[in-house]
Amino acid sequence: MVGRALSYVDLSMFQLIEGLRYAFPKTTRKLEPRWPRLIALHDRVADVPRVAVYLASKRRIPFNENGIFRHYPELESR
């Protein structure tokens, strides 16, 4: 978002998109076409070799119902 090098802002936006996809999958799918540059950033971050290795590892903690990004089916748009 802010430059050529991977930054904490880039990683934070990646995690935000991932979290929204988990918490509100239907709504996020509908809204993603409005955010093409953020989705492209998300995809670029996921493709960074060291990030990709981490994402595929057992070290990555999956989203769950105890974290900030919980699945909220009752808040999903219809």
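Trainee: What does Phe63 count as at 25% relative accessibility?

Mentor: The general idea first: a residue is buried under 20% relative accessible area, exposed over 50%, and partly exposed in between (1.4 Å probe, protein chains only). At 25%, Phe63 therefore counts as partly exposed. Keep in mind that this is a predicted model, where local features need pLDDT of at least 70 and side-chain atom pairs count only at pLDDT 80 or more, while totals for chains, interfaces and linings use all residues. Residues are numbered from 1 along each chain as its sequence is written, and side-chain values use heavy atoms, leaving out hydrogens and water.

Trainee: How many helices and strands does the protein chain have?

Mentor: Helices (H or I, at least four residues) and strands (E, at least two) are DSSP runs, numbered from the N terminus. Here there are 4 helices and 0 strands, so the order from the N terminus reads α-α-α-α.

Trainee: How many aromatic pairs are there?

Mentor: Rings of Phe, Tyr and Trp (its six-membered ring) pair if their centres lie within 6.5 Å; planes under 30 degrees apart are stacked, over 60 edge-to-face, and the rest tilted. By that rule the count is 2. Take Tyr22 and Phe63: their ring centres are 5.3 Å apart with planes at 20°, so this pair is stacked. Tyr22 sits in helix α1 and Phe63 in the segment after α4, so the pair ties together parts 41 residues apart in sequence. The rings of Phe63 and Phe69 have centres 5.8 Å apart and planes at 90°, which means an edge-to-face pair.

Trainee: How many salt bridges does the structure hold?

Mentor: A salt bridge is a side-chain nitrogen of Lys or Arg within 4 Å of a carboxyl oxygen of Asp or Glu. The structure holds 3 of them. In one, Arg21 meets Glu18, with N to O at 3.8 Å. Both residues lie in helix α1 (residues 8-23), 3 residues apart, about one turn of the helix.

Trainee: What does Glu18 form with Arg60?

Mentor: Glu18 and Arg60 form a salt bridge whose closest N and O atoms are 3.2 Å apart. Glu18 belongs to helix α1 and Arg60 to the segment after α4 (49-55), so the pair connects parts that are 42 residues apart in sequence. Glu18 is buried, at 17%, while Arg60 is partly exposed, at 24%.

Trainee: Where do Arg21 and Glu32 lie?

Mentor: The side chains of Arg21 and Glu32 meet in a salt bridge of 2.6 Å, N to O. Arg21 is in helix α1 and Glu32 in the loop between α2 (25-31) and α3 (36-47), so the pair ties together parts 11 residues apart in sequence. Glu32 is buried, at 17%. Through shared partners, salt bridges join Glu18, Arg21, Glu32 and Arg60 into one network.

Trainee: What percentage of the 78 residues count as buried?

Mentor: For the protein chain, 24% count as buried. As for contacts (heavy atoms within 4.5 Å), residues 24 or more positions apart account for 67% of those with a separation of 6 or more.
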